[in-house]
Amino acid sequence: LRVTFTPLQHDSGKRGGIITVLQDVTEQQRLDQQRKEFVANVSHELRTPLTTVKSYVEALLDGAAQDPELSNRFLKVTMSETERMIRLVNDLLQLSRFDSQGIHLRYVETDANQLLRYAADRFSMFGEQQGVQLRLEVAENLPPIYVDRDAINQVLDNLLSNAVKYTPEGGSVVLMAQANRHLKRLYISITDTGIGIPKRDLKRIFERFYRVDKARSRGQGGTGLGLAIARELVEAHGAEIDIESEVNQGTTVTFWVPFYRGGTAG
Ligand code: ADP
């Protein structure tokens, strides 16, 4: 609330009362504040990898390039930091498109079993590399869903990638799906046995750039935007996404998508 007092003064110099204006500026201020924080975040997120790249390139120019093993290592870091910056800029472009144009979904009837199987297949390699077992546990004849396929694939990719990234070697990730024929929804969940998220962070975890441990996220190549994008895509379907977690036990993210209109649901 902004309050301004303007004293009225007569020509004679006598006070003539006070005009009081009450203005609700909280919403405007909140948006301004959010915008400032966002720009600060983006700048910081880009400066960090750029500084790393600069120092490695400097070292190479200063002679490290003569040592094949060292230069290989430095070039690999430069490469992965560059890839992360590209991911970051792509995520940002996508979010800014959402903000300016809204999300335009192309709904198509989709075979849920196939969609989930392909998603699990996309991550089996990454899981193996990380020593994390990935399982698909779904009934064989799920009803068809009515979704934007690219959007839901991206949601699955973001969530599966997190589950594998934040689960130490020897752990497991399970992709499950269950049809609720009454509500005409397919509930999809991804459960991991990973590091978990502290309770105090859970309610903000879907915000852009919100992370529990920035260094760890960056070390894993993260941008801090994956969950924010996932939530926007799910909500664009008129659906919901939710997260539950226990530190050192694991995390479950659940979202639902609608069945095909007039589909098998009764
Ligand atoms: P990031 O690129 O950092 O992974 P996300 O938006 O995908 O960004 O996730 C935000 C943060 O939420 C992560 O940095 C991490 O702290 C936490 N997080 C997300 N998924 C998991 C998970 N499955 N287990 C533990 N922490 C998670």
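Predicted model: local features only at pLDDT ≥ 70, side-chain atom pairs only at ≥ 80, totals over all residues.
Residues are numbered from 1 along each chain as its sequence is written. Local features need pLDDT of at least 70 and side-chain atom pairs pLDDT 80 or more, totals for chains, interfaces and linings use all residues, and side-chain values use heavy atoms, without hydrogens and water.

**Exercise 1.** Describe the largest nonpolar core and the surroundings of Leu159.

Solution. Step one: a nonpolar core is a set of buried (under 20% relative accessible area, 1.4 Å probe, protein chains only) Ala, Val, Leu, Ile, Met, Phe, Trp, Tyr and Cys residues joined through side-chain atoms within 4.5 Å. Step two: the largest one has 50 residues, and Leu156, Leu159, Leu186, Ile188 and Phe255 have the most contacts inside it. Helix H4 (residues 149–165) gives this core its largest share, 8 residues. Step three: beyond its neighbours within four places in sequence, Leu159 is in contact (heavy atoms within 4.5 Å) with Ile190, Leu227, Ala230, Ile241, Val253 and Phe255.

**Exercise 2.** Describe the lining of the largest pocket by position, helix and class.

Solution. Step one: a pocket is an open set of points on a 1 Å grid over the protein atoms alone, where a 1.4 Å probe fits, with protein on both sides within 12 Å along at least five of seven lines; lining residues have an atom within 4 Å of a point. Step two: 38 residues line the largest pocket, with Asn158, Ser161, Asn162, Lys165 and Tyr166 nearest its centre. Step three: H4 supplies the largest share of this lining, 8 residues. Step four: the lining has 15 nonpolar, 14 polar and 9 charged residues, where Asp, Glu, Lys and Arg count as charged, Ala, Val, Leu, Ile, Met, Phe, Trp, Tyr, Cys and Pro as nonpolar, and the others as polar.

Key:
Helix = DSSP H or I, 4+ residues; strand = E, 2+ residues; numbered from the N terminus.
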